[in-house]
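Please look over the model first.

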Amino acid sequence: MKERTSPVKATETVPEFVLKDHDNKEFDLSSRKGKRVLLSLHPLAWTSICAKQMQALEANEDTFASLNTVPVGLSIDSVPCKQAWAEHLGIKSLRLLSDFWPHGHVARLYGLFREKEGFSERANVILDEKGKVSFVKVYPLSQLPDIEEIIAVLKGR
């Protein structure tokens, strides 16, 4: 599929992908049909705002499960980097996906790659049960996404 220069929009069907997570296990988006998926893109591991963003997802595991939603973190960092970072953060259930090679491929497919810096935007993309975008928000790199806003969106408020 062709790379985008602008972010995906609500109601679009997004490209499917397979990426390795921090445990070197495949995450296949197509196998998540019937569930909502929260793609929480963060620029780089080992940065404080990215850490808080991923910890907020981990802390709300039960809420996401009750809302039929699979949250995942996604950045251009390598699998070994993600594995060390997950251990450092105490991540037990959240899957941290590596968009390392081809470099930023998924972020590019979703129009969320910052070419100049070589990493993704900080963004949240919610896919509905059929794989269509129901919500997308790009945040300033220095802003921690509001997890309560995402939960409210998932609850339909």
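The sulfur of Cys50 lies 11 Å from the closest cysteine sulfur, that of Cys81, so the two are too far apart for a bond. A disulfide here is a pair of cysteine sulfur atoms within 2.5 Å. The whole structure has zero disulfides. This is a predicted model: local features need pLDDT of at least 70, side-chain atom pairs count only at pLDDT 80 or more, and totals for chains, interfaces and linings use all residues. Residues are numbered from 1 along each chain as its sequence is written, and side-chain values use heavy atoms, without hydrogens and water.

**Strand pairing**
- Strands are DSSP runs of E of at least two residues, and helices are runs of H or I of at least four, numbered from the N terminus.
- Two strands pair if DSSP finds at least two bridges between them.
- β1 (residues 18-21) pairs with β2 (residues 26-28) in the antiparallel sense, over three bridges.
- Leu19 has Phe27 of β2 as its bridge partner.
- Four residues separate the strands of this hairpin, and Asn24 takes a positive phi near 65 degrees.
- β1 also runs antiparallel to β5 (residues 95-98), joined by two bridges.
- Lys20 stands opposite Ser98 in β5.

**Bonding summary**
- Cys81 is in no disulfide.
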